[in-house]
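This briefing walks through a two-chain model, topic by topic. Keep the structure in view while reading.

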Amino acid sequence: MRAKPARDENELIRTAAGGDRAAFDELLRLKRERVVRTAYQITGELDDALDVAQAVFIKVWQGIGRFDLERKFDTWLYRITVNAGIDLLRSRGPKGVLQPLPDDPSDLVSATTRGAEETLDLGRLQQAFTRLAGGLAPQQRAVFVLKEIEGQPTAEVARILGIAESTVRNHLLQARRILRAGIERDYPELVPGANDRTSENGSDDVADGTEEKS
Amino acid sequence: MVTAGVGEPAATTGPTPPPHAVDPAEREQILRHVSGCRACRDRLVELDPGALFALLSLRQPPAAALDDLSRRVSAEIDAERRPVARVRFAAVASLAASVLLAVALGVYFKRAPVNEPDPFRADLESYLERLDRDSPVPGVELISSPGEAQVVDFKIGDTQVVMIFDEALNL
């Protein structure tokens, strides 16, 4: 017997918009991982990320009936997620430049990769990011997460955050500079030889000038 | 090597992506390779150490946490639906009760209008108050029968009333 093919995402969105709970549940299953991961990278804690994700999907359920089906669903979903994450960050108030290391560095699970010796310790990299990203302004952090970690195009990041693309580029420039300095200073084992090479280049911003050309 | 985000993915909608763009699946493939390849990683670090953080997209929330999230969302939606149903039922019930009460009162007042004067009743009360067999009132005629019977004959409005008082009378 043939397995029933998964419903097309647009069809799911349309059906869920009509109040179909099963379609919404399927949409939730489809999107939950990215929502939680994005919220986690913005908030730095899994419990907070799950709370944010819960609020996000409740908002989606409440608002999907009014969602303009001509628009891109993911833009809306990311916008709700990022805004909820930023709100949570701001509600915490200033915690200083550096956050303490998370109690449980294995909040997220690293995907299995080949070659154990050669494989980067993603748990350690996560610790570094969570700590160093505490030094970023909430919107800078959101831009970095969407652009660098989630791989969203600059124009899409601008749409999600409701800001100009030039502002996205500016936030990204600042965030990269702060994170680069932090990882080279505090986590040299993750970037062996980076200091030498950077000083050889004589530039603090090797990649920034190439970003929009690429 | 594209330094910006280790391969900017192609947009799924909107303007045509630039020629270098990779789709999300290709991006993930590249990142998995970089994660496990020391040479590529060193090259990436050489260009931009911060670009290493793109590898964090390979990390996933635990499956149990995601299932728990689904349960929490479902429970909250269900919980939000129930009070709405209860409120709706209560609203309908109270509306029905109000209508029923209004109809009942309407029927009652229509059948027994309290403000409408009843001339017969008013006249009767007035006469009965003033009735005194020892001092006949105008319009009331007392007729003494040979026996013990007494007849009171009076008129209220257009109605003629005859009252017979006789202990021996057996109807």
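In chain A, the axes of α4(A) and helix α6 (residues 138-149) come within 10 Å and cross at roughly 145 degrees. The model is predicted.

**α4(A) against α6(A)**

- The two helices α4(A) and α6(A) make a right-handed crossing.
- On the α4(A) side, the contact uses Y78(A), V82(A), G85(A), I86(A), L89(A) and R90(A).
- On the α6(A) side, P138(A), Q139(A), A142(A) and L146(A) take part.
- Sorted by class, the contact of α4(A) with α6(A) has seven nonpolar, two polar and one charged residues.

**α3(A) against α4(A)**

- Helix α3 (residues 46-63) and helix α4 (residues 73-92), both of chain A, pack with their axes 9 Å apart.
- The angle between α3(A) and α4(A) is about 135 degrees, which makes α3(A) oblique to α4(A).
- The crossing of α3(A) and α4(A) is right-handed.
- From α3(A), the contact residues are D48(A), V52(A), A55(A), V56(A), K59(A) and V60(A).
- From α4(A), they are L77(A), I80(A), T81(A), A84(A), G85(A) and L88(A).
- The contact of α3(A) with α4(A) comprises eight nonpolar, two polar and two charged residues.

**Chain A overall**

- Chain A holds ten helices and one strand.
- Read from the N terminus, the order of its elements is α-α-α-α-β-α-α-α-α-α-α.
- Chain A has 214 residues, and 42% of them count as buried.
- Take the contacts in chain A with a separation of 6 or more: 65% of them involve residues 24 or more positions apart.

**Chain B overall**

- Chain B holds four helices and four strands.
- From the N terminus, its elements follow the order α-α-β-α-α-β-β-β.
- Of the 171 residues in chain B, 18% are buried.
- Among contacts in chain B between residues at least 6 apart in sequence, 29% link residues at least 24 apart.

- In soluble globular proteins, nonpolar side chains tend to be buried together.
- Here, the largest nonpolar core has 67 residues.
- Residues with the most contacts inside that core include A53(A), L125(A) and V143(A) from chain A, along with L52(B), F53(B), L55(B) and L56(B) from chain B.
- Helix α5 (residues 122-132) of chain A is mostly covered, with eight of its eleven residues buried.
- The buried residues of α5(A) are L122(A), L125(A), Q126(A), A128(A), F129(A), T130(A), R131(A) and L132(A).

**L56(B) in detail**

- Where is the place of L56(B)? L56(B) is in the loop between α2 (38-47) and β1 (59-60) of chain B.
- L56(B) counts as buried because 23 other C-beta atoms lie within 10 Å, and the cut-off is 20 or more.
- Setting aside residues up to four places away in sequence, L56(B) touches Q41(A), L122(A), L125(A), Q126(A), F129(A) and I149(A).
- Along chain B, L56(B) and L31(B) are 25 residues apart, and their C-alpha atoms are separated by 9.2 Å.

Terms used
Residues are numbered from 1 along each chain as its sequence is written. Chains are lettered from A and ligands numbered from 1 in the order in which they are written. This is a predicted model: local features need pLDDT of at least 70, side-chain atom pairs count only at pLDDT 80 or more; totals for chains, interfaces and linings use all residues. Axes are lines fitted to C-alpha atoms, for helices over the stretch in contact, and angles run from 0 to 180 degrees between N-to-C directions. Angles under 35 degrees count as roughly parallel, over 145 as roughly antiparallel, 65 to 115 as roughly perpendicular and the rest as oblique. A crossing is left-handed if the near helix is turned anticlockwise from the far one by less than a right angle, and right-handed if clockwise. Two residues are in contact if their C-beta atoms, placed from the backbone, lie within 7 Å. Ala, Val, Leu, Ile, Met, Phe, Trp, Tyr, Cys and Pro count as nonpolar, Asp, Glu, Lys and Arg as charged, and the others, Gly among them, as polar. A nonpolar core is a set of buried Ala, Val, Leu, Ile, Met, Phe, Trp, Tyr and Cys residues joined through C-beta atoms within 7 Å. A residue is buried if 20 or more other C-beta atoms lie within 10 Å of its own, exposed if 12 or fewer, and partly exposed in between; C-beta atoms are placed from the backbone.
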